Amino acid sequence: MKILECPACKQKVNLKLAAATKKVNGIFMLQCANCQQWSHENQKAAVVKNLGLLMLLGGSVMGYFQLGGIITGPMLAFIGGLIALATQLAIPRTLHTP
Ligand SMILES: [Zn+2]
């Protein structure tokens, strides 16, 4: 479940609530149904978040096969998940000005 916020009016925006979506230069944009503003994920936040998700995935696989013991994998996955969630929540979306 993604919690996204419109940077212009602080209204919740997500795939289901968005007025419209589009892709510009490979960047996924959502249009706020409330104020019609287009916004996208902060680029730096997206990189960090993907890194966290990668750790989450890698850690899960490691944990599943018990690579590096029973602690390392799950811990890596946990930390990765935290990083992904924290960037998602802490860094606001960027307004798209055409
Ligand atoms: Zn809005």
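A residue is counted as buried if 20 or more other C-beta atoms lie within 10 Å of its own, as exposed if 12 or fewer do, and as partly exposed in between, with C-beta atoms placed from the backbone. Helices (H or I, at least four residues) and strands (E, at least two) are DSSP runs, numbered from the N terminus. The structure is a predicted model, in which local features need pLDDT of at least 70 and side-chain atom pairs count only at pLDDT 80 or more, whereas totals for chains, interfaces and linings use all residues. Residues are numbered from 1 along each chain as its sequence is written.

The strands form an open sheet of four, in the order 1-2-3-4 and with antiparallel pairing, where two strands pair if DSSP finds at least two bridges between them. Strand 1 and strand 4 (94-95) are the edge strands, each pairing on one side only. Of the five residues of strand 1 (residues 20-24), the number buried is zero, so this strand lies largely in the open. Strand 1 runs antiparallel to strand 2 (residues 27-31) and is joined to strand 2 by five bridges; in one of these pairings, Ala20 has Gln31 as its bridge partner. The two strands form a hairpin with two residues between them, and Asn25 in the turn has a positive phi of about 50°. Strand 3 (residues 38-40) pairs with strand 4 in the antiparallel sense over two bridges, and Ser39 has Leu95 as its bridge partner.

The largest nonpolar core consists of five residues, Leu4, Cys6, Val13, Leu30 and Cys32. Such a core is a set of buried Ala, Val, Leu, Ile, Met, Phe, Trp, Tyr and Cys residues joined through C-beta atoms within 7 Å.

Helix 1 (residues 43-64) has 22 residues and reaches 31 Å from its first C-alpha to its last, close to the 32 Å expected at 1.5 Å a residue; the expected span is 1.5 Å times one less than the number of residues. The buried residues of helix 1 are Lys49, Gly52, Leu56, Gly59 and Gly63. Seen down the helix axis, these residues fall within an arc of 85°, so they line one face of helix 1; the arc is that of the directions from the axis to the C-beta atoms. The face turned away from the buried side carries the exposed residues Gln43, Val47 and Asn50. Helix 1 is followed by Gln66, whose phi is positive, near 55°.
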